[in-house]
Amino acid sequence: MPCADLGADRVVEGLMAVVSVTLERPEFEGSLRDRLGNTAVRACVARAVEERLGRWLAEHPAEAAAVVERIVRPVRGD
């Protein structure tokens with residue numbers, strides 16, 4: 001399975017990423033304005049995570065195979 005097929009909807013329990021972003025002008029969303037959100041930052045973070053994750057998967061094939069197996073196992077019904 002190519003890495004490009006690993007969309008956000010395929011992420012499973014046990015995979016975690018920590019991303020820290022500092023915003024000059026934070027934007028809050030939701031009816032209570034209690035959820036931080038910024039469309040431009042979200043797209044930038046998504047792109048950076050995709051690039052870094054792709055690089056890590058390519059540089060660590062054994063670990064990548066284990067991650068991909070964990071993602072596709074529920075789809076196959078194992």
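Here is a short walk through the salt bridges of this structure and the confidence behind them. The model is predicted, so local features need pLDDT of at least 70 and side-chain atom pairs count only at pLDDT 80 or more, while totals for chains, interfaces and linings use all residues. Residues are numbered from 1 along each chain as its sequence is written, and side-chain values use heavy atoms, with hydrogens and water left out.

Let's start with confidence. Across the protein chain, the mean pLDDT (the predictor's confidence in each residue, from 0 to 100) is 77, and 77% of the residues reach 70 or more. Where pLDDT is low, the predicted coordinates should not be read in detail.

Now for the salt bridges, meaning a side-chain nitrogen of Lys or Arg within 4 Å of a carboxyl oxygen of Asp or Glu. The count comes to 2. One joins glutamate 29 and arginine 42, whose closest N and O atoms are 3.7 Å apart. Glutamate 29 sits in strand β1 (residues 28-29) and arginine 42 in helix α1 (residues 39-59), so this pair ties together parts 13 residues apart in sequence.

How open are these two? On relative accessible area (1.4 Å probe, protein chains only), buried is under 20%, exposed is over 50%, and partly exposed is in between. Glutamate 29 is partly exposed at 24%, and arginine 42 is partly exposed at 45%.

Another salt bridge links the side chains of glutamate 24 and arginine 25, at 3.8 Å from N to O. Here glutamate 24 counts as exposed at 75% relative accessibility, and arginine 25 counts as exposed at 66%.

Technical notes:
Helix = DSSP H or I, 4+ residues; strand = E, 2+ residues; numbered from the N terminus.
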